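Hi,

Here is the structure I said I would pass on. My notes on the ligand site follow below it.

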Amino acid sequence: MEQNAEASRRIATLSAHLYPPSFQGSSLLRRSNCRAKGGAPGFKVAILGAAGGIGQPLSLLMKMNPLVSVLHLYDVVNSPGVTADVSHMDTGAVVRGFLGAKQLENALTGMDLVIIPAGIPRKPGMTRDDLFKINAGIVQSLCEGIAKCCPGAIVNLISNPVNSTVPIAAEVFKKAGTYDPKRLLGVTTLDVVRANTFVAEVLGIDPREVDVPVVGGHSGVTILPLLSQVKPACSFTSEEIDYLTNRVQNGGTEVVEAKAGAGSATLSMAFAAAKFADACLRGLRGDAGIVECSFVASQVTELPFFATKVRLGRSGAEEIFPLGPLTEYERASLAKAKQELAGSIEKGVSFVCK
Ligand SMILES: NC(=O)c1ccc[n+]([C@@H]2O[C@H](COP(=O)([O-])OP(=O)(O)OC[C@H]3O[C@@H](n4cnc5c(N)ncnc54)[C@H](O)[C@@H]3O)[C@@H](O)[C@H]2O)c1
Ligand SMILES: O=C(O)C[C@H](O)C(=O)O
(Lines give C-alpha, C1' and ligand atoms only; values in the text may rest on other atoms or scores of the structure.)
(Ligands and ions follow the chains in the order given, each with its own letter.)
Protein backbone atom coordinates (compact mmCIF):
# COMPACT_ATOMS: atom_id res chain seq x y z
CA MET A 1 0.00 0.00 0.00
CA GLU A 2 2.61 2.47 1.15
CA GLN A 3 4.79 1.61 -1.84
CA ASN A 4 1.85 2.30 -4.20
CA ALA A 5 1.18 5.66 -2.57
CA GLU A 6 4.84 6.57 -2.80
CA ALA A 7 4.95 5.48 -6.45
CA SER A 8 1.91 7.61 -7.39
CA ARG A 9 3.34 10.58 -5.54
CA ARG A 10 6.56 10.28 -7.54
CA ILE A 11 4.70 9.85 -10.84
CA ALA A 12 2.60 12.93 -10.06
CA THR A 13 5.71 14.96 -9.31
CA LEU A 14 7.43 13.85 -12.52
CA SER A 15 4.39 14.30 -14.76
CA ALA A 16 3.80 17.75 -13.34
CA HIS A 17 7.14 18.78 -14.76
CA LEU A 18 6.29 17.46 -18.25
CA TYR A 19 3.79 20.30 -18.59
CA PRO A 20 4.71 23.94 -19.07
CA PRO A 21 4.09 25.89 -15.86
CA SER A 22 0.63 26.95 -17.05
CA PHE A 23 -1.57 28.48 -14.42
CA GLN A 24 -4.74 28.20 -16.45
CA GLY A 25 -5.87 24.64 -15.89
CA SER A 26 -6.22 22.36 -12.96
CA SER A 27 -2.98 20.43 -13.53
CA LEU A 28 -1.10 22.84 -11.32
CA LEU A 29 -3.62 22.53 -8.55
CA ARG A 30 -3.61 18.72 -8.79
CA ARG A 31 0.16 18.74 -8.58
CA SER A 32 0.20 21.09 -5.61
CA ASN A 33 -2.50 19.21 -3.73
CA CYS A 34 -0.46 16.07 -4.14
CA ARG A 35 2.60 17.75 -2.63
CA ALA A 36 0.62 19.58 0.02
CA LYS A 37 -0.40 16.29 1.63
CA GLY A 38 3.21 15.65 2.49
CA GLY A 39 3.85 19.28 3.43
CA ALA A 40 4.94 20.57 6.82
CA PRO A 41 2.24 21.47 9.37
CA GLY A 42 1.62 25.19 9.64
CA PHE A 43 -0.44 28.08 8.34
CA LYS A 44 -1.71 28.88 4.85
CA VAL A 45 -0.60 32.30 3.65
CA ALA A 46 -1.49 34.21 0.47
CA ILE A 47 0.42 37.19 -0.92
CA LEU A 48 -1.63 39.39 -3.29
CA GLY A 49 0.72 41.42 -5.49
CA ALA A 50 3.42 38.75 -5.13
CA ALA A 51 5.27 39.67 -8.33
CA GLY A 52 5.91 43.28 -7.32
CA GLY A 53 8.84 45.07 -5.77
CA ILE A 54 7.67 44.16 -2.26
CA GLY A 55 5.89 40.97 -3.29
CA GLN A 56 8.97 39.15 -4.60
CA PRO A 57 11.29 39.51 -1.59
CA LEU A 58 8.28 39.03 0.70
CA SER A 59 7.47 35.74 -1.08
CA LEU A 60 11.07 34.66 -0.51
CA LEU A 61 10.93 35.55 3.20
CA MET A 62 7.57 33.84 3.76
CA LYS A 63 8.85 30.70 1.99
CA MET A 64 11.63 30.72 4.61
CA ASN A 65 9.17 31.02 7.52
CA PRO A 66 8.84 27.65 9.28
CA LEU A 67 5.29 28.52 10.42
CA VAL A 68 4.07 28.56 6.80
CA SER A 69 2.92 25.26 5.28
CA VAL A 70 1.27 26.58 2.10
CA LEU A 71 2.17 29.79 0.30
CA HIS A 72 -0.14 31.15 -2.43
CA LEU A 73 1.42 33.77 -4.73
CA TYR A 74 -1.16 35.84 -6.62
CA ASP A 75 -0.64 38.71 -9.05
CA VAL A 76 -2.14 40.04 -12.27
CA VAL A 77 1.26 39.63 -14.01
CA ASN A 78 4.38 37.47 -13.70
CA SER A 79 3.28 35.24 -10.83
CA PRO A 80 4.19 32.00 -12.70
CA GLY A 81 7.85 33.02 -12.87
CA VAL A 82 8.03 34.16 -9.25
CA THR A 83 6.27 30.96 -8.15
CA ALA A 84 8.58 28.67 -10.14
CA ASP A 85 11.60 30.50 -8.74
CA VAL A 86 10.54 30.57 -5.07
CA SER A 87 9.21 26.99 -5.21
CA HIS A 88 12.74 25.65 -5.74
CA MET A 89 13.81 26.75 -2.25
CA ASP A 90 14.22 23.65 -0.08
CA THR A 91 12.08 24.87 2.81
CA GLY A 92 8.84 23.33 4.09
CA ALA A 93 6.15 25.54 2.55
CA VAL A 94 4.40 24.29 -0.59
CA VAL A 95 4.18 27.15 -3.11
CA ARG A 96 1.34 27.62 -5.60
CA GLY A 97 0.97 30.41 -8.12
CA PHE A 98 -2.19 32.18 -9.31
CA LEU A 99 -2.44 34.61 -12.22
CA GLY A 100 -5.20 37.11 -12.93
CA ALA A 101 -8.63 37.85 -11.51
CA LYS A 102 -10.09 34.50 -12.59
CA GLN A 103 -7.71 32.72 -10.21
CA LEU A 104 -8.17 35.04 -7.22
CA GLU A 105 -10.77 32.83 -5.56
CA ASN A 106 -8.54 29.74 -5.78
CA ALA A 107 -5.67 31.79 -4.40
CA LEU A 108 -7.71 32.84 -1.37
CA THR A 109 -9.70 29.75 -0.47
CA GLY A 110 -8.62 28.26 2.85
CA MET A 111 -6.08 30.95 3.75
CA ASP A 112 -5.26 31.79 7.39
CA LEU A 113 -3.33 34.98 6.58
CA VAL A 114 -3.57 37.24 3.52
CA ILE A 115 -0.85 39.84 2.93
CA ILE A 116 -1.64 42.61 0.42
CA PRO A 117 1.18 44.58 -1.21
CA ALA A 118 -0.77 45.01 -4.50
CA GLY A 119 -0.94 48.47 -6.01
CA ILE A 120 1.17 51.22 -7.51
CA PRO A 121 4.05 52.85 -5.59
CA ARG A 122 5.01 56.55 -5.39
CA LYS A 123 7.36 58.45 -7.69
CA PRO A 124 9.27 61.56 -6.55
CA GLY A 125 6.95 64.52 -5.92
CA MET A 126 3.92 62.33 -5.14
CA THR A 127 2.21 61.90 -1.78
CA ARG A 128 0.81 58.55 -0.69
CA ASP A 129 -2.65 60.03 -1.13
CA ASP A 130 -1.89 60.48 -4.85
CA LEU A 131 -2.01 56.66 -5.06
CA PHE A 132 -5.62 56.56 -3.82
CA LYS A 133 -7.24 56.80 -7.25
CA ILE A 134 -5.73 53.51 -8.45
CA ASN A 135 -5.04 51.60 -5.26
CA ALA A 136 -8.47 52.14 -3.66
CA GLY A 137 -10.16 50.07 -6.39
CA ILE A 138 -7.48 47.36 -6.27
CA VAL A 139 -7.83 46.97 -2.49
CA GLN A 140 -11.62 47.00 -2.75
CA SER A 141 -11.74 44.16 -5.28
CA LEU A 142 -9.15 42.04 -3.45
CA CYS A 143 -11.04 42.46 -0.17
CA GLU A 144 -14.30 41.43 -1.87
CA GLY A 145 -12.49 38.21 -2.76
CA ILE A 146 -11.32 37.75 0.83
CA ALA A 147 -14.85 38.31 2.16
CA LYS A 148 -16.10 35.61 -0.20
CA CYS A 149 -13.34 32.99 0.03
CA CYS A 150 -11.57 33.31 3.39
CA PRO A 151 -13.65 35.59 5.63
CA GLY A 152 -11.89 34.30 8.76
CA ALA A 153 -8.37 35.13 7.55
CA ILE A 154 -6.14 37.72 9.18
CA VAL A 155 -5.46 40.50 6.64
CA ASN A 156 -2.17 42.44 6.61
CA LEU A 157 -2.74 45.51 4.41
CA ILE A 158 0.39 47.15 2.97
CA SER A 159 -0.99 48.99 -0.12
CA ASN A 160 -0.91 52.79 0.20
CA PRO A 161 -2.37 55.06 1.32
CA VAL A 162 -2.72 52.74 4.36
CA ASN A 163 -4.61 55.50 6.25
CA SER A 164 -7.39 55.13 3.66
CA THR A 165 -7.02 51.54 2.39
CA VAL A 166 -7.66 50.04 5.85
CA PRO A 167 -10.99 51.92 6.16
CA ILE A 168 -11.81 50.79 2.58
CA ALA A 169 -11.19 47.16 3.54
CA ALA A 170 -13.31 47.56 6.69
CA GLU A 171 -16.24 48.93 4.66
CA VAL A 172 -15.98 46.10 2.11
CA PHE A 173 -16.06 43.53 4.92
CA LYS A 174 -18.96 45.32 6.63
CA LYS A 175 -20.95 45.28 3.38
CA ALA A 176 -20.27 41.55 3.02
CA GLY A 177 -21.22 40.93 6.68
CA THR A 178 -17.79 39.44 7.47
CA TYR A 179 -16.10 42.36 9.28
CA ASP A 180 -14.09 41.42 12.34
CA PRO A 181 -12.01 44.47 13.35
CA LYS A 182 -9.48 42.24 15.13
CA ARG A 183 -8.53 40.57 11.85
CA LEU A 184 -7.84 43.68 9.76
CA LEU A 185 -4.36 45.09 10.36
CA GLY A 186 -2.68 47.96 8.51
CA VAL A 187 1.05 47.32 8.29
CA THR A 188 3.05 50.17 9.87
CA THR A 189 6.02 48.01 10.88
CA LEU A 190 8.35 49.82 8.46
CA ASP A 191 7.92 53.00 10.53
CA VAL A 192 8.99 51.07 13.64
CA VAL A 193 11.89 49.42 11.80
CA ARG A 194 13.10 52.84 10.61
CA ALA A 195 12.62 54.44 14.03
CA ASN A 196 14.60 51.63 15.70
CA THR A 197 17.40 52.05 13.14
CA PHE A 198 17.64 55.85 13.35
CA VAL A 199 17.41 55.91 17.16
CA ALA A 200 20.10 53.23 17.41
CA GLU A 201 22.37 55.35 15.17
CA VAL A 202 21.92 58.37 17.46
CA LEU A 203 22.47 56.31 20.62
CA GLY A 204 25.35 54.33 19.10
CA ILE A 205 23.80 50.95 19.95
CA ASP A 206 22.61 47.84 18.09
CA PRO A 207 19.17 48.51 16.44
CA ARG A 208 18.04 45.05 17.54
CA GLU A 209 18.17 46.29 21.13
CA VAL A 210 15.90 49.26 20.43
CA ASP A 211 12.10 49.40 20.57
CA VAL A 212 10.37 52.62 19.50
CA PRO A 213 6.57 52.71 19.55
CA VAL A 214 5.29 54.51 16.44
CA VAL A 215 1.63 55.54 16.62
CA GLY A 216 -0.94 57.41 14.51
CA GLY A 217 -0.95 56.41 10.86
CA HIS A 218 1.35 55.77 7.91
CA SER A 219 1.92 59.06 6.08
CA GLY A 220 3.90 62.23 6.86
CA VAL A 221 2.80 63.94 10.07
CA THR A 222 0.47 61.05 10.93
CA ILE A 223 3.58 58.95 11.67
CA LEU A 224 4.39 59.71 15.29
CA PRO A 225 7.41 58.03 16.94
CA LEU A 226 7.04 58.20 20.72
CA LEU A 227 10.64 59.00 21.59
CA SER A 228 9.76 59.44 25.28
CA GLN A 229 8.87 55.73 25.40
CA VAL A 230 11.96 54.26 23.74
CA LYS A 231 13.35 51.05 25.20
CA PRO A 232 16.01 50.90 26.56
CA ALA A 233 15.13 54.06 28.52
CA CYS A 234 17.10 57.05 27.21
CA SER A 235 16.76 60.78 26.67
CA PHE A 236 17.25 63.02 23.64
CA THR A 237 18.01 66.71 23.15
CA SER A 238 15.30 68.78 21.46
CA GLU A 239 17.45 68.86 18.29
CA GLU A 240 17.65 65.06 18.34
CA ILE A 241 13.88 64.82 18.83
CA ASP A 242 13.25 67.10 15.83
CA TYR A 243 15.78 65.23 13.69
CA LEU A 244 14.47 61.76 14.60
CA THR A 245 10.79 62.67 14.26
CA ASN A 246 11.36 64.24 10.82
CA ARG A 247 13.55 61.40 9.62
CA VAL A 248 11.00 58.74 10.60
CA GLN A 249 8.11 60.76 9.11
CA ASN A 250 10.02 61.22 5.85
CA GLY A 251 11.71 57.82 5.67
CA GLY A 252 9.48 56.74 2.78
CA THR A 253 10.20 59.92 0.83
CA GLU A 254 13.93 59.48 1.47
CA VAL A 255 13.76 56.11 -0.35
CA VAL A 256 11.43 57.36 -3.11
CA GLU A 257 13.87 60.20 -3.91
CA ALA A 258 16.93 57.93 -3.75
CA LYS A 259 15.23 55.51 -6.18
CA ALA A 260 14.58 58.48 -8.48
CA GLY A 261 11.45 57.20 -10.21
CA ALA A 262 12.08 53.46 -9.81
CA GLY A 263 9.55 53.07 -6.99
CA SER A 264 9.50 53.20 -3.20
CA ALA A 265 10.80 51.04 -0.36
CA THR A 266 10.61 47.37 -1.32
CA LEU A 267 13.41 45.48 0.46
CA SER A 268 13.09 47.10 3.88
CA MET A 269 9.30 46.85 3.44
CA ALA A 270 9.45 43.14 2.64
CA PHE A 271 11.61 42.71 5.76
CA ALA A 272 9.08 44.68 7.84
CA ALA A 273 6.08 42.84 6.35
CA ALA A 274 7.70 39.46 6.99
CA LYS A 275 8.43 40.47 10.58
CA PHE A 276 4.81 41.56 11.10
CA ALA A 277 3.37 38.48 9.37
CA ASP A 278 5.56 36.25 11.54
CA ALA A 279 4.20 38.02 14.64
CA CYS A 280 0.63 37.44 13.38
CA LEU A 281 1.36 33.73 12.79
CA ARG A 282 2.91 33.33 16.24
CA GLY A 283 -0.21 34.99 17.65
CA LEU A 284 -2.42 32.60 15.64
CA ARG A 285 -0.39 29.69 17.05
CA GLY A 286 -1.24 30.91 20.55
CA ASP A 287 2.14 32.31 21.63
CA ALA A 288 1.87 34.75 24.53
CA GLY A 289 3.09 38.35 24.65
CA ILE A 290 3.26 39.12 20.91
CA VAL A 291 3.07 42.91 20.67
CA GLU A 292 3.52 45.02 17.52
CA CYS A 293 2.36 48.44 16.31
CA SER A 294 -0.43 48.35 13.73
CA PHE A 295 -3.10 50.62 12.20
CA VAL A 296 -6.36 49.08 13.40
CA ALA A 297 -9.93 49.89 14.39
CA SER A 298 -9.39 51.57 17.73
CA GLN A 299 -10.93 53.49 20.59
CA VAL A 300 -7.62 54.91 21.79
CA THR A 301 -8.56 58.29 20.26
CA GLU A 302 -11.83 59.67 18.91
CA LEU A 303 -10.81 58.42 15.43
CA PRO A 304 -12.19 55.07 14.23
CA PHE A 305 -8.72 53.84 13.19
CA PHE A 306 -5.37 54.52 14.79
CA ALA A 307 -1.97 52.83 15.04
CA THR A 308 -0.73 51.84 18.48
CA LYS A 309 0.81 48.79 20.04
CA VAL A 310 -1.52 45.78 19.80
CA ARG A 311 -1.30 42.30 21.30
CA LEU A 312 -1.63 39.63 18.64
CA GLY A 313 -3.38 36.36 19.46
CA ARG A 314 -5.41 33.53 17.98
CA SER A 315 -8.10 35.94 16.75
CA GLY A 316 -5.83 38.78 15.58
CA ALA A 317 -5.44 42.09 17.44
CA GLU A 318 -6.85 40.91 20.75
CA GLU A 319 -5.82 43.90 22.84
CA ILE A 320 -5.12 47.49 21.85
CA PHE A 321 -2.80 49.35 24.16
CA PRO A 322 -3.32 53.00 25.12
CA LEU A 323 -0.84 55.71 24.13
CA GLY A 324 0.76 56.01 27.56
CA PRO A 325 2.13 59.28 28.96
CA LEU A 326 3.08 61.80 26.24
CA THR A 327 5.41 64.82 26.31
CA GLU A 328 4.15 68.24 25.30
CA TYR A 329 5.95 67.83 21.93
CA GLU A 330 4.21 64.49 21.36
CA ARG A 331 0.80 65.90 22.34
CA ALA A 332 1.20 68.71 19.78
CA SER A 333 2.32 66.22 17.11
CA LEU A 334 -0.62 63.98 17.97
CA ALA A 335 -3.08 66.82 17.35
CA LYS A 336 -1.58 67.39 13.86
CA ALA A 337 -1.60 63.65 13.15
CA LYS A 338 -5.26 63.28 14.13
CA GLN A 339 -6.34 66.19 11.95
CA GLU A 340 -4.79 64.67 8.81
CA LEU A 341 -5.84 61.13 9.69
CA ALA A 342 -9.50 62.09 10.08
CA GLY A 343 -9.64 63.24 6.42
CA SER A 344 -7.84 60.16 5.08
CA ILE A 345 -10.09 57.77 7.00
CA GLU A 346 -13.22 59.58 5.82
CA LYS A 347 -11.96 59.45 2.21
CA GLY A 348 -11.59 55.66 2.45
CA VAL A 349 -15.00 55.14 4.05
CA SER A 350 -16.84 57.28 1.50
CA PHE A 351 -15.07 55.55 -1.42
CA VAL A 352 -16.98 52.36 -0.58
CA CYS A 353 -20.14 53.97 0.80
CA LYS A 354 -20.61 56.48 -2.08
N1 LIG B 1 2.69 50.06 4.28
C2 LIG B 1 3.92 50.41 4.00
O3 LIG B 1 4.73 50.67 4.91
C4 LIG B 1 4.42 50.42 2.59
C5 LIG B 1 5.78 50.47 2.32
C6 LIG B 1 6.23 50.43 1.00
C7 LIG B 1 5.29 50.39 -0.05
N8 LIG B 1 3.97 50.36 0.25
C9 LIG B 1 2.95 50.30 -0.81
O10 LIG B 1 2.89 48.96 -1.30
C11 LIG B 1 2.36 48.97 -2.64
C12 LIG B 1 3.21 48.10 -3.56
O13 LIG B 1 4.49 48.62 -3.69
P14 LIG B 1 5.57 47.91 -4.67
O15 LIG B 1 6.81 48.71 -4.58
O16 LIG B 1 5.61 46.46 -4.41
O17 LIG B 1 4.86 48.18 -6.10
P18 LIG B 1 5.08 47.36 -7.46
O19 LIG B 1 4.47 48.16 -8.54
O20 LIG B 1 6.51 46.98 -7.59
O21 LIG B 1 4.26 46.01 -7.22
C22 LIG B 1 2.88 46.01 -7.09
C23 LIG B 1 2.36 44.71 -7.62
O24 LIG B 1 0.94 44.73 -7.46
C25 LIG B 1 0.41 44.07 -8.58
N26 LIG B 1 -1.00 44.38 -8.76
C27 LIG B 1 -1.57 45.46 -9.32
N28 LIG B 1 -2.91 45.32 -9.31
C29 LIG B 1 -3.18 44.14 -8.74
C30 LIG B 1 -4.37 43.43 -8.46
N31 LIG B 1 -5.58 43.92 -8.75
N32 LIG B 1 -4.25 42.23 -7.86
C33 LIG B 1 -3.05 41.72 -7.55
N34 LIG B 1 -1.88 42.34 -7.80
C35 LIG B 1 -1.95 43.53 -8.39
C36 LIG B 1 1.27 44.52 -9.74
O37 LIG B 1 1.13 43.66 -10.86
C38 LIG B 1 2.65 44.48 -9.11
O39 LIG B 1 3.26 43.22 -9.31
C40 LIG B 1 2.32 50.45 -3.04
O41 LIG B 1 1.01 50.94 -2.90
C42 LIG B 1 3.25 51.12 -2.04
O43 LIG B 1 2.96 52.48 -1.84
C44 LIG B 1 3.52 50.38 1.54
O1 LIG C 1 6.84 56.09 0.97
C2 LIG C 1 6.16 55.35 0.28
O3 LIG C 1 5.45 55.75 -0.65
C4 LIG C 1 6.18 53.87 0.54
C5 LIG C 1 5.98 53.50 1.98
O6 LIG C 1 4.80 53.99 2.50
C7 LIG C 1 7.16 53.85 2.85
O8 LIG C 1 6.94 54.35 3.96
O9 LIG C 1 8.30 53.59 2.44
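**The shell around ligand 1**

The shell around ligand 1 divides into 18 nonpolar residues, ten polar and one charged (Ala, Val, Leu, Ile, Met, Phe, Trp, Tyr, Cys and Pro count as nonpolar, Asp, Glu, Lys and Arg as charged, and the others, Gly among them, as polar). That shell has 29 residues, with G53, I54, D75, I120 and N160 the closest; a residue is in if one of its heavy atoms lies within 4 Å.

Before going on: this is a predicted model, where local features need pLDDT of at least 70 and side-chain atom pairs pLDDT 80 or more, while totals for chains, interfaces and linings use all residues. Residues are numbered from 1 along each chain as written, chains are lettered from A and ligands numbered from 1 in written order, and side-chain values use heavy atoms, leaving out hydrogens and water.

By element, α6 (132-149) and β2 (68-75) each supply at least two shell residues, and α6 gives the most, with three. Helices (H or I, at least four residues) and strands (E, at least two) are DSSP runs, numbered from the N terminus.

Now the polar contacts (pairs of N or O atoms within 3.5 Å). A polar side-chain atom of N160 is 2.9 Å from an oxygen atom of ligand 1. Taken alone, ligand 1 exposes 860 Å², and the protein buries 86% of that (Shrake-Rupley, 1.4 Å probe).

Cheers

Definitions and conventions: A polar contact is a pair of N or O atoms within 3.5 Å; within protein, one must be able to donate a hydrogen and the other to accept it, and residues adjacent in sequence count only if both atoms are side-chain atoms.
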